[in-house]
Amino acid sequence: MLMAGILLSLVSGVKAAPIAIPGTSVSLEPPAGFAIAENFAGLENVESGSSITINELPPEAYAEVSTIFSTAESAQEGLLRQGIIIDEHTLITVDQDQVPLLRGVQQTAAGEFTKYLTLLKGETTVLVTFNIADPNQTTQETVEATVASITLAAAPTIEEKIEQLSFSFQTTEPFRVADVLGGSSALLTTFEGTDPSGGGTDPSGMAPVVIIARGQNIIYGQDAADISDDLLRGTRGFSLAEIVRQEVVEFSGGSGYLIEAELDGLAVLQYTYVPANGRYIRLLATGERSALMAVLPAVEEIA
């Protein structure tokens with residue numbers, strides 16, 4: 001179902017046939033050595049450690065995100081907090097439209113990656129990110145050709161997106177599946193829409209939400225408490241959260257770890273399970289404390 005066994009051409013100069021990225025509206029001609037990823041929406045080169053990720057946002061997000069992509073200066077300002085240093089802004093022709101392509105570098109625990117990011121407008125706002133471990137193997141010319149090959153189809157349904165996730169779950173009232181992000185995370189909300197700060201029915205931004213995510217690249221050898229703390233601190237907005245409780249719990253069919261934290265009136269519950277292969281699964285529930293505690297039985301049942 002994940003098409004992980006698709007054979008890609010390894011011969012330089014041979015044009016690969018376009019492939020559709022499961023759970024997204026994107027089709028493209030993959031670079032040599034890249035195949036459909038198993039744990040996120042996109043492609044990966046297992047040998048080199050490079051990847052191409054596809055993230056689809058609501059169509060109304062395009063107006064705001066496109067301002068970041070308008071110049072190298074605006075991109076640098078918008079992406080610096082993610083540790084990405086932008087050094088080039090160009091335009092690529094995609095289906096007769098001019099789309100921006102940013103190039104930069106990012107230092108990670110796994111080493112330095114050359115980053116390319118492009119933004120397209122279809123039925124959704126499409127962000128395509130190239131994470132290149134070896135720029136001599138996947139060159140800028142190759143990246144530009146891949147971007148130029150992109151075509152957009154109709155936006156996938158929530159049900160189609162859920163089918164592509166590498167984990168399963170069940171919802172419990174009052175939570176509903178609002179969206180699937182990047183082919184690796186499910187967003188569950190207690191309000192209509194996907195944006196608690198105005199796009200849904202919760203302008204306060206304090207209504208309970210649950211995010212279930214699958215991740216990888218955990219540093220092996222850490223214990224559950226260290227891994228859980230790193231994941232929480234690495235989540236945008238929660239680096240300064242105060243941990244008030246932590247304990248071993250049953251989660252995702254194994255021995256998981258629970259952290260309860262507080263930050264600026266928000267309560268945070270994070271369940272984490274890290275199997276032997278290091279591909280962790282995490283459930284993060286947040287909301288105004290009394291509101292989150294009111295739906296705690298539902299959160300526990302989902303977990």
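Trainee: In this predicted model, which residues does Lys115 touch, not counting residues up to four places away in sequence?
Mentor: Lys115 sits in strand β8. Leaving out residues up to four places away in sequence, its contacts are Ile84, Leu102, Arg103, Gly104, Val105, Gln106, Thr129, Phe130 and Asn131.

Trainee: Does Lys115 count as buried or exposed?
Mentor: The cut-off for buried is under 20% relative accessible area. Lys115 has 7% relative accessibility, so Lys115 counts as buried.

Trainee: How many Å apart in space are Lys115 and Thr129, C-alpha to C-alpha?
Mentor: Thr129 is among the residues that Lys115 touches. The two are 14 residues apart in sequence, and their C-alpha to C-alpha distance is 7.0 Å.

Trainee: Which residue is the bridge partner of Asn45 in β5?
Mentor: Strands β4 (residues 42–45) and β5 (residues 50–57) run antiparallel and are joined by 4 bridges. The partner of Asn45 in β5 is Ser50.

Trainee: Which residues have the most contacts inside the largest nonpolar core?
Mentor: This core has 23 residues. The elements giving two or more residues to it are β11, β12, β13, β14, β16, β17 and α7. Another core, of 22 residues, lies apart from it and includes Ile21, Val26, Leu28 and Ile52. In the largest core, the residues with the most contacts are Phe175, Leu188, Val210, Ile212, Tyr271, Leu283 and Val299.

Trainee: Leaving aside neighbours within four places in sequence, which residues is Ile212 in contact with?
Mentor: Ile212 is one of the residues with the most contacts inside the largest nonpolar core. With neighbours within four places in sequence left aside, Ile212 is in contact with Phe167, Phe169, Ser184, Ser185, Ala186, Leu188, Ile281, Arg282, Leu283 and Ile302.

Trainee: How many of the 8 residues of β16 are buried?
Mentor: Strand β16 pairs with β17 in the antiparallel sense over 8 bridges, and 7 bridges join β15 to β16, also antiparallel. The strand is largely enclosed by the rest of the structure, because the number of its residues that are buried is 7.

Trainee: Which residue in the turn between β15 and β16 has a positive phi?
Mentor: β15 and β16 form a hairpin with 2 residues between them. Across this pair, Tyr257 stands opposite Thr272. The turn residue, with a phi of about 50°, is Asp264.

Trainee: Does Asp95 count as buried or exposed?
Mentor: Most residues other than glycine have a negative phi. Asp95, in the loop between β6 and β7, has a positive phi near 50°. Its relative accessibility is 64%, so Asp95 counts as exposed.

Trainee: What is the phi of Ser252 near?
Mentor: Ser252 lies in the loop between β14 and β15. At 36% relative accessibility, Ser252 counts as partly exposed. Its phi is positive, near 55°.

Trainee: Which residues does the cis peptide bond join?
Mentor: Most peptide bonds are trans. The cis bond has an omega of about 10°, and Pro174 is placed in the loop between α4 and β11. The bond joins Glu173 and Pro174.

Trainee: What is the volume of the largest cavity?
Mentor: A search of the whole structure finds 2 cavities of 30 Å³ or more. The largest is lined by 11 residues, with Pro22, Ala37, Phe40, Ala41 and Gln164 nearest its centre. Its volume is about 70 Å³.

Terms used: Residues are numbered from 1 along each chain as its sequence is written. This is a predicted model: local features need pLDDT of at least 70, side-chain atom pairs count only at pLDDT 80 or more; totals for chains, interfaces and linings use all residues. Side-chain values use heavy atoms; hydrogens and water are left out. Two strands pair if DSSP finds at least two bridges between them. A nonpolar core is a set of buried Ala, Val, Leu, Ile, Met, Phe, Trp, Tyr and Cys residues joined through side-chain atoms within 4.5 Å. Buried means under 20% relative accessible area, exposed over 50%, partly exposed in between (1.4 Å probe, protein chains only). Contact means heavy atoms within 4.5 Å. On a 1 Å grid over the protein atoms alone, a cavity is a set of points where a 1.4 Å probe fits but cannot get out, and a pocket is an open set with protein on both sides within 12 Å along at least five of seven lines; lining residues have an atom within 4 Å of a point. Grid points are joined across faces, edges and corners, and a volume is the space filled by probe spheres set on the points.
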